[in-house]
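Biologist: I am new to this structure and would like to know what stands behind the words used for it. Please take me through the terms one at a time.

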Amino acid sequence: IVRNNPKLQSTASSEVFMILFMLIFIVLVKYQQREWIDYTISLCKLFYLFYAVYTILEKFFEPLFLVSLRLFPSSIETLYTQYSRGCMPGLTNHYSTNGMLLGVGFIVFSCEAIFKGSKKNIILSGVMIVALLLTGKRADIIFTAVGIYLAYYCYMSDKKRTRIKNTVLIILAVLVGLVILVNLVPSLATFITRFEETADSGDVTLGRTKMWAIAIDCFKNNTLLGIGWDRFKFINLHEWKAHNIYLQLLAETGIVGFIVFAFFFVYTFVCGWRHLKRIRIDKMAIDREEVHLLFSLAMQVFFLLYGITGNPLYDKETYVPYYMACAITSYYTHSRKNIYKKGE
């Protein structure tokens, strides 16, 4: 993959290094104690909560936005444009980056609320969703919600009737909650108005279809091995990623690379789904195993869906927590196999 790109840049090599590092990490965690999961998630909570609080305060205290301008001077024009449209960039150089961070944070706290519906967990989940809505980032809002729901659906495998009833209640609660929030703070509806604006412009995808067409042409001309990792951005005028990791993988790594990645994506998700379903039905969860797997599934769904319109495989804000989610599934499926063997 690396050798196939004659214009390989340092950013691309670091991405490849990170992928290899995380895959090694996923293998090694099988043989560790599970305390690493709780330690990591605890740090994540502090990290994402900080960004959420900063985003909310930024909405009401402009001096915080000025701090972002000083931290990211090369993005001043972009940040001003986003801020004026009601899309809060938080303490990042782009509202998309902030949306990714808060989307993952929303997953973390929502899974905790599902596992243990304490007031604290519910309130923190509310803080995360408010902050996420303030970014106006459509994909992160929609795909995180779908990811959390599907993880919850699997989590309730032992209560199928309750699951159906709760699904209806959840949908109603979300709709009512959005209406109330939007009426109280109209800027929380920014992601809805963005749908209307893009529809009026005649291109809901905001230029993504052009990138997809280029990726498809690259794949057609380099079917087997592709054009080389991270080379796609050098063959389009905007130097953009494809905003679809599946098409970009086909373009850059061909059929060979795509099959490898696709197998990893699907295999890890199926293992996590089956494992959570089994321990719920058989009532055999250990400590916080259920909430860890809830996060793992929700994060994987978010990543895989976001991959249709975004670049989560190339953005550290998403691929690092995704690989962590895969590592969690890897750890528990491996540890369970050992338990089953001992039982036999």
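**Terms and the values behind them**

Modeller: Tyr-31 is a place to start: at 57% relative accessibility, Tyr-31 counts as exposed. The model is a predicted one.

Biologist: Why is Tyr-31 called exposed?

Modeller: The word exposed requires a relative accessible area over 50%. Tyr-31 has 57%, so Tyr-31 is exposed. Tyr-31 sits in the loop between helix 1 (10–28) and helix 2.

Biologist: What is the overall make-up of the protein, in helices and strands?

Modeller: There are 13 helices and 0 strands. Of its 344 residues, 49% count as buried. Among contacts with a separation of 6 or more, 73% are between residues 24 or more positions apart.

Biologist: What makes helix 5 and helix 6 roughly antiparallel?

Modeller: Helix 5 (residues 95–115) and helix 6 (residues 119–135) pack at an angle of about 160°, and their axes are 8 Å apart. An angle over 145 degrees counts as roughly antiparallel, so helix 5 is roughly antiparallel to helix 6. The crossing of helix 5 past helix 6 is left-handed.

Biologist: Which residues make up the contact of helix 5 with helix 6?

Modeller: From helix 5 they include Tyr-95, Leu-102, Phe-106, Phe-109 and Glu-112, and from helix 6 they include Ile-122, Leu-124, Met-128, Ile-129 and Leu-132. By class, this contact of helix 5 with helix 6 has 11 nonpolar, 8 polar and 1 charged residues.

Biologist: Why are helix 5 and helix 7 called roughly parallel?

Modeller: The axes of helix 5 and helix 7 (residues 138–155) cross at roughly 20° and come within 9 Å. Angles under 35 degrees count as roughly parallel, and therefore helix 5 and helix 7 are roughly parallel to each other. Helix 5 passes helix 7 in a right-handed crossing. Gly-99, Met-100, Phe-106 and Ile-107 are among the residues of helix 5 in this contact, while helix 7 contributes residues including Asp-140, Thr-144 and Ile-148. The contact of helix 5 with helix 7 divides into 8 nonpolar, 5 polar and 1 charged residues.

Biologist: How do you know that Glu-112 and Lys-45 form a salt bridge?

Modeller: A salt bridge needs a side-chain nitrogen of Lys or Arg within 4 Å of a carboxyl oxygen of Asp or Glu. For Glu-112 and Lys-45 the N to O distance is 3.1 Å, so the pair qualifies. The structure holds 12 salt bridges.

Biologist: What makes the pair of Asp-140 and Lys-137 a salt bridge?

Modeller: Their N to O distance is 3.9 Å, which is within the 4 Å cut-off. Asp-140 is buried at 0% relative accessible area, and Lys-137 is buried at 7%.

Biologist: What are the values for the salt bridge of Arg-278 and Asp-282?

Modeller: Arg-278 and Asp-282 meet at 3.8 Å, N to O. Arg-278 is partly exposed with a relative accessible area of 41%, and Asp-282 is partly exposed with 42%. Elsewhere, salt bridges that share partners join Asp-38, Lys-45, Glu-112 and Arg-288 into one network.

Biologist: Asp-230 and Asp-287 each have a positive phi; where are they, and is each buried or exposed?

Modeller: Asp-230, which is not a glycine, has a phi of about 65°. Asp-230 is in the loop between helix 10 (208–221) and helix 11 (245–281), and is buried with a relative accessible area of 0%. Asp-287, also not a glycine, has a phi of about 50°. Asp-287 is in the loop between helix 11 and helix 12 (289–306), and is exposed with a relative accessible area of 58%.

Note on methods
Residues are numbered from 1 along each chain as its sequence is written. This is a predicted model: local features need pLDDT of at least 70, side-chain atom pairs count only at pLDDT 80 or more; totals for chains, interfaces and linings use all residues. Side-chain values use heavy atoms; hydrogens and water are left out. Axes are lines fitted to C-alpha atoms, for helices over the stretch in contact, and angles run from 0 to 180 degrees between N-to-C directions. Helices (H or I, at least four residues) and strands (E, at least two) are DSSP runs, numbered from the N terminus. Angles under 35 degrees count as roughly parallel, over 145 as roughly antiparallel, 65 to 115 as roughly perpendicular and the rest as oblique. A crossing is left-handed if the near helix is turned anticlockwise from the far one by less than a right angle, and right-handed if clockwise. Contact means heavy atoms within 4.5 Å. Ala, Val, Leu, Ile, Met, Phe, Trp, Tyr, Cys and Pro count as nonpolar, Asp, Glu, Lys and Arg as charged, and the others, Gly among them, as polar. Buried means under 20% relative accessible area, exposed over 50%, partly exposed in between (1.4 Å probe, protein chains only).
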